Amino acid sequence: MFDLSGKAALVTGASGGIGGAIARALHGQGATVTLSGTRAEALEQLKASLGERTHVVAARMDDAADIDRLAKEAEAAMGKLDILVNNAGITRDNISMRMKDEEWDKVLQVNLTGTFRLTRAAMRGMMKRRFGRVINITSIVGVTGNPGQANYAAAKAGLIGMSKSLAQELASRGITVNCVAPGFIATPMTDGLTDDQKKGILGRVPADRLGTPDEIAAGVVYLASDEAAYVTGQTLHINGGMAMI
Amino acid sequence: MSDIAERVKKIVVEHLGVEVAQVKEDAKFIDDLGADSLDTVELVMAFEEEFGIEIPDDAAEKIQTVGDAIGFIKSNAKS
């Protein structure tokens, strides 16, 4: 089950903790993978550790021309694009009273607008081939909200609404569009938290531990598979029971 | 140039699964031939490929009938 041999996948934000695990998991199931992100060196390192069936196309998700180039180069490198994992995302946390327009705009631009642009660019080929898997990495805070993250939560909630709309537009063409919503996952981003902060978070997680990037990647592999053909417009929450929606 | 009309009609027949007789020049893709909005996008993509042309979005919006498509392609096709 969940064999991805012969499939071509593009993962954005692949230099990050979760993105790297997703790329590794898709590759492990047999897919050819294009790694994208802003840190070319980290992408090349991941490419070297994965070996064959791996390409790198660095790109900025806040630059419309760069996004179009990414879609074109990924398709050219792999010959097609079957699976698009929109994982790239940034945070600019601040309480709303102090949040600057730039902080709001930047997060919306990268996390939501960039994802829409890349998905639109990838759609054409998927429609032609009557097959596609779009998996958007949203977040639990897109559903529950989180103080200090009005911008991030709005972008992540936006991804869910966008995915449901695209799912309805594209279902008849064999293209599914779904979200994966991680809870608190152990990554370099959460390493920065103090022990007290971690304790506070875990008090809200019935599983009583942080999740791992591999546990997120497993959800992505499922949604990317042929077996998940009848699942579309959904959000898969992987959060140790932190929110049950 | 008449073969442009034939090629356009062939694409429409294949894509929308309609009878050749239905594909008249004044037939509207959506109202008469049962296309949905995604079908019209795909038809434009198919025309672009068949004739090696670019059909910009604002031009594509104006292509509502089989005749519109033939007309646009005749005045823009390279071959």
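Trainee: How many residue pairs are in polar contact across the interface of chain B and chain A?

Mentor: The rule finds 5 residue pairs there, both residues at pLDDT 80 or more. A polar contact is a pair of N or O atoms within 3.5 Å; within protein, one must be able to donate a hydrogen and the other to accept it, and residues adjacent in sequence count only if both atoms are side-chain atoms.

Trainee: Which part of chain B gives the largest share of the side that touches chain A?

Mentor: Helix α2 (residues 37–51) of chain B, with 7 residues. Helices (H or I, at least four residues) and strands (E, at least two) are DSSP runs, numbered from the N terminus. By class, that side of chain B has 3 nonpolar, 1 polar and 5 charged residues. Here Ala, Val, Leu, Ile, Met, Phe, Trp, Tyr, Cys and Pro count as nonpolar, Asp, Glu, Lys and Arg as charged, and the others, Gly among them, as polar.

Trainee: Before I go on, what should I know about the model and the numbering?

Mentor: This is a predicted model, where local features need pLDDT of at least 70 and side-chain atom pairs count only at pLDDT 80 or more, while totals for chains, interfaces and linings use all residues. Residues are numbered from 1 along each chain as its sequence is written, chains are lettered from A and ligands numbered from 1 in the order in which they are written, and side-chain values use heavy atoms, with hydrogens and water left out.

Trainee: OK. How much area do chain B and chain A bury between them?

Mentor: About 690 Å², with 50% of it on carbon and sulfur atoms. Buried area is the accessible area (1.4 Å probe) that two parts lose on being put together, summed over both. B:Leu38, B:Glu42 and B:Met45 supply 72% of the area that chain B buries against chain A, more than any other three residues. In contacts (heavy atoms within 4.5 Å), 9 residues of chain B meet 7 residues of chain A.

Trainee: What does B:Glu42 pair with?

Mentor: B:Glu42 forms a salt bridge with A:Arg173, and their closest N and O atoms are 2.9 Å apart. The pair crosses between chains, from helix α2 of chain B to the loop between α6 (150–170) and β6 (175–182) of chain A.

Trainee: Are those two buried or exposed?

Mentor: B:Glu42 and A:Arg173 are both buried. Buried means under 20% relative accessible area, exposed over 50%, partly exposed in between (1.4 Å probe, protein chains only).

Trainee: Now a pair inside chain B: what does B:Arg7 bridge to?

Mentor: To B:Glu50, again with N and O atoms 2.9 Å apart at the closest. B:Arg7 is in helix α1 (residues 2–16) and B:Glu50 in helix α2 of chain B, 43 residues apart, so the pair links distant parts of the chain. 

Trainee: How accessible are B:Arg7 and B:Glu50?

Mentor: Each is partly exposed: B:Arg7 has a relative accessible area of 25%, and B:Glu50 has 38%. Elsewhere, salt bridges that share partners join A:Arg130, A:Arg173, B:Asp36, B:Asp39 and B:Glu42 into one network.

Trainee: Chain A next. Which residue does A:Asp82 meet in a salt bridge?

Mentor: A:Arg129, at 4.0 Å from N to O. A:Asp82 lies in the loop between α3 (64–78) and β4 of chain A and A:Arg129 in helix α4 (residues 101–129), so the pair ties together parts that are 47 residues apart in sequence. A:Asp82 is buried at 4%, whereas A:Arg129 is partly exposed at 32%.

Trainee: Last one: which residues of α9(A) are buried?

Mentor: They are A:Pro213, A:Ile216, A:Ala217, A:Gly219, A:Val220, A:Val221, A:Leu223 and A:Ala224. What covers them includes α1 (17–28), β4, β5 (132–137), β6 and β7 (235–238) of chain A.

Note on methods
Salt bridge = Lys/Arg side-chain N within 4 Å of Asp/Glu carboxyl O.
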